[in-house]
Amino acid sequence: MRTKVAIIGGGPAGLMLGHLLTREGIDNVIVERQSGAYVLGRIRAGVLEQGTVDLLEQSGAGSRMRAEGLPHEGFELSFDGDRLRIDLAKLTGRSVMVYGQTEVTRDLMALREQAGAPTLYEAKDVALEGLEGSPVVHFTRNGERQSLACEYVAGCDGFHGVCRKSIPAEHIRLFERVYPFGWLGLLVDRPPAAPELIYAHHARGFALCSMRSATRSRYYIQCSMDEKVADWSDDRFYDELGRRLNPAVADALKRGPSIEKSIAPLRSFVAEPLRFGHLFLAGDSAHIVPPTGAKGLNLALHDVRVLFEALAEHYRTGSATALERYSPRVLDRIWKTERFSWSMTTLLHNFPEHDPFTRRMQRAEFDALAGSPTAQRMMAESYTGQFG
Ligand code: APR
Ligand code: PHB
């Protein structure tokens, strides 16, 4: 087998890159470890920046999002029950779109199938060879060892993938912070407690009220990574969530049987640079942000848009300049996004190591935001994806 661009990983990053390349007539194959059903079973965040919405629409992948997504012109911060609305529309002239990552993935999968572009699902034990010259991707599929020769490899295989690990240690630097807590999430077919997202700081821990649609809600509470999902009945979850919210919001919570409940760790992570020979890293294989700013998918899709433009220029003109600029160009946005996600996480969570002074500083920061439209504008610019 042979192709121009081998894309490792069929999550949203790999699928979007494949979609853009296919539209441009550039041959590509996606090699994915799991089945398509497994990929669609993963529950992830669901807030799209304007730039992400534009990319989906301009590339012909936005019709269902436009019809079913919920435009949000603001969100709320809550601090020990005190509420502050961040008016995105007034502060920045922009809004965000609430549309689940699972739905973006489903739409991109359908387009790929219609286009007849190949995705090799359930490809196990992927190994990369020849990254500095002529790459070959090896994998086991249907019980057989197979290989795919290519010109470039796009490492879109997420944080635990094989691509980043294929770069020799002396050619890559890793920056990481693992937070001393996780998020316990619950999905339920009940209308949301409030019309906009609420990010809540509370002495008992962070809480988030989010949604997937007008009838499906997504809630999270900060928990210790030692917690077991099995110990959290739905009622225990709703009781704890309610304690961390403003009483009026807590009263409006509509309880129902959970469809999904899981614990996710929080991590900040960046690899540098994002190129080794003919291998380019994009999405979660290159960086992780904690979910507090809802940036993971947006950042991943920004990476692949820039990578696509660089590959397209290369195949159009033979020039390698844009490919050389890929890593520094996306890292600029990655670090700005890391800073925002880290600062939201730091403001809103309960850190076991915080002393009373540091906890007062969190409150002082909330009060400073509440008192300053300028400070709110900075937060709103980052939330809507204006990173300069
Ligand atoms: N070989 C082939 N495929 C692999 C391998 C491997 N060794 N390892 C992982 N994969 C696949 C995974 O099964 C997954 O489908 O790569 C895909 C990576 O997808 P994601 O983890 O969704 O990462 P990405 O496409 O970069 O999307 C980033 O996901 O985690 C969220 O917040 C993040 O929203 C952001 C988005
Ligand atoms: C979600 O809906 O899952 C969600 C929303 C916003 C976040 C994180 C997760 O910041």
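A salt bridge joins the side chains of Arg244 and Glu240, with an N to O distance of 2.8 Å; the term requires a side-chain nitrogen of Lys or Arg within 4 Å of a carboxyl oxygen of Asp or Glu. Arg244 and Glu240 are both buried (under 20% relative accessible area; exposed is over 50% and partly exposed lies in between, with a 1.4 Å probe and protein chains only). Beyond this pair, a single network built from salt bridges with shared partners takes in Arg64, Glu68, Glu103, Arg106 and Asp107.

The model is predicted, so local features need pLDDT of at least 70 and side-chain atom pairs count only at 80 or more, whereas totals for chains, interfaces and linings use all residues. Residues are numbered from 1 along each chain as its sequence is written, chains are lettered from A and ligands numbered from 1 in the order in which they are written, and side-chain values use heavy atoms, leaving out hydrogens and water.

Across the whole structure, 25 salt bridges are found. Side chains of opposite charge can pair when their charged atoms come close. Arg218 and Glu260 form one such bridge, their closest N and O atoms lying 2.9 Å apart. Arg218 counts as buried because its relative accessibility is 3%.

The bridge between Arg66 and Glu57 has its closest N and O atoms 2.6 Å apart. Here Arg66 counts as partly exposed because its relative accessibility is 45%, and Glu57 is likewise classed as partly exposed because its value is 31%.

The pocket brings the network back into view. Glu103, one of the network residues, is also listed with Gly100, Thr102, Arg212 and Arg216 as nearest the centre of the second largest pocket, whose lining has 20 residues. A pocket is an open set of points on a 1 Å grid over the protein atoms alone where a 1.4 Å probe fits, with protein on both sides within 12 Å along at least five of seven lines; lining residues have an atom within 4 Å of a point. Helix α6 contributes the most to this lining, with 4 residues. At least two residues come from each of α4 (63-68), α6 (101-115) and β17 (258-272).
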